[in-house]
Amino acid sequence: MLLNIRDATMASQVIQDIVTRHGKLNGLVNNAGGQFMSPASQLTSKGFSTVVDLNLNGTFNMCKAAFDGYMGEHGGQIVTIVAETRNGIPRAMHTGAARAGIINMTKTLAIEWGPYNGIRINCVAPGLIISSGMKNYHETMVDLLAHSHWMNPTSRYGTESEVSASVAFLLSPAASYINGVNLEVDGGSSLSKGNPEGDELKYNPEGSRHPVYVGWPEGVDNVHGIKQVDAPAKINELLEKYKAIGRSSKI
Ligand SMILES: CCCCCCC/C=C/C(=O)SCCNC(=O)CCNC(=O)[C@H](O)C(C)(C)COP(=O)(O)OP(=O)(O)OC[C@H]1O[C@@H](n2cnc3c(N)ncnc32)[C@H](O)[C@@H]1OP(=O)(O)O
Ligand SMILES: NC(=O)C1=CN([C@@H]2O[C@H](COP(=O)(O)OP(=O)(O)OC[C@H]3O[C@@H](n4cnc5c(N)ncnc54)[C@H](OP(=O)(O)O)[C@@H]3O)[C@@H](O)[C@H]2O)C=CC1
């Protein structure tokens, strides 16, 4: 089934096809999105509109299609992947603005659509994740990202499975009273600039107390089980590094 979320007609058609084929639509996950990197000073009006159209308008198209095509009558759960935007997103102002727009749209929809058979709608805001998306970026950007893990209190990037786990939670009955929230899945990077690498002693006389990453849940869907991500080599090198840390450390 082909889908361009920027096209409202296509969005409605896809939802209709799903309902016809399966008889229901329990959940919608808006994961499609993206951007290119550009300092705001070099961003054109067309470039700004393009990214807002993809992320904000595209998400609206999908939510509206799901509401009109099934959920307005039967209820359902919606989760939209945005991005961690607390302090803006340097070199990606367009996407920061669009994602912040989605977060606010989600709050309004939670209020307006809750009464329609208990529709719940929430966002998940990933920090930097080792994902297929990294293949979209230039080598220098990947290099920059690969060396900025120290800005995260957990000293590492997130994994696709950690984002998926949050989405699954919000879709599930375990989150039945959670509506209109934006769940940041970022290891706390939005709260802190972390400690520059090697600087831990300054703050912790006994040395680094960063917990060793072993993945969750243990042994199943964790970083050790991931063989290769369809991403630049550097991203896969990071994965190997986490695995090595997990193996060599006592917990
Ligand atoms: C510092 C860290 C920041 C981290 C950000 C937060 C972490 C997020 C990570 C991720 O999201 S992972 C990756 C997910 N996937 C992607 O990002 C997808 C990659 N991007 C694309 O596929 C495309 O760029 C797009 C966003 C889908 C747009 O493609 P589209 O075909 O619709 O547009 P174009 O016709 O190519 O361009 C239209 C317009 O936009 C301007 N523009 C496009 N590319 C650039 C660029 N590289 N630099 C500056 N401006 C650009 C330009 O005005 C284009 O119009 P024309 O000039 O071509 O007429
Ligand atoms: N990786 C990270 O660090 C972070 C990622 N995110 C967001 O998480 C989401 C998933 O990203 P990730 O897996 O990393 O990246 P990917 O680029 O691998 O995934 C993005 C997906 O969006 C699809 N897509 C793009 N435009 C459209 C469109 N117009 N209609 C339908 N589908 C479209 C792409 O399809 P196709 O492949 O066919 O083009 C692709 O499958 C994205 O919204 C991303 O911006 C947010 C914060 C951090």
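1. Start with the shell around ligand 2: by class, 11 of its residues are nonpolar, 9 are polar and 2 are charged. Bear in mind as you read that this is a predicted model. The shell counts 22 residues, and the ones that come nearest are N4, N31, R99, S131 and S132.

2. N136 has a polar side-chain atom 3.3 Å from a ligand 2 oxygen. As for cover, ligand 2 on its own would expose 890 Å², and the protein buries 65% of that.

3. Now over to ligand 1. It has 18 residues around it, with R6, Q35, F36, T44 and K46 the closest. Sorted by class, this shell holds 7 nonpolar, 8 polar and 3 charged residues. Which helix gives the most to it? That is α2, spanning residues 45-74, which supplies 4 residues.

4. A few of those neighbours of ligand 1 are worth a click in your viewer. An N or O atom in the R6 side chain sits 2.8 Å from an oxygen of ligand 1, and K46 also brings a polar side-chain atom to 2.8 Å from a ligand 1 oxygen. For T44, the distance from a side-chain N or O atom to an oxygen of ligand 1 is 3.1 Å. Taken alone, ligand 1 exposes 1,200 Å², of which the protein buries 59%.

5. Next, empty space. Rolling a probe the size of a water molecule over the atoms shows where it is left. How many cavities of 30 Å³ or more turn up in the whole structure? The search finds 1. The largest cavity holds about 40 Å³ of space.

6. What kind of residues line that largest cavity? The lining is made of 9 nonpolar residues, with no polar and no charged ones. They are L128, I129, I130, M134, L145, A146, Y157, I235 and L238. The elements giving two or more residues to this lining are β4 (129-130), α4 (139-146) and α7 (233-248).

7. Last, the charged pairs. Side chains of opposite charge can pair when their charged atoms come close. The structure holds 5 salt bridges. One to look at is K135 with D230, whose side chains meet at 3.4 Å, N to O. Where do the two partners sit? K135 is in the loop between β4 and α4, while D230 is in the loop between α6 (200-203) and α7, so the pair links distant parts of the chain, 95 residues apart.

Conventions
Residues numbered from 1 in each chain as written. Chains lettered and ligands numbered in written order. Predicted model: local features only at pLDDT ≥ 70, side-chain atom pairs only at ≥ 80, totals over all residues. Heavy atoms only, no water. Near = heavy atom within 4 Å. Polar contact = N/O pair within 3.5 Å; in protein donor to acceptor, adjacent residues only side chain to side chain. Areas by Shrake-Rupley, 256 points an atom, 1.4 Å probe, with all protein chains shown as cover. Nonpolar A, V, L, I, M, F, W, Y, C, P; charged D, E, K, R; others polar. 1 Å grid on protein atoms, 1.4 Å probe; cavity = no way out; pocket = protein on both sides within 12 Å on 5 of 7 lines; lining within 4 Å. Points joined across faces, edges and corners; volume = space filled by probe spheres on them. Salt bridge = Lys/Arg side-chain N within 4 Å of Asp/Glu carboxyl O.
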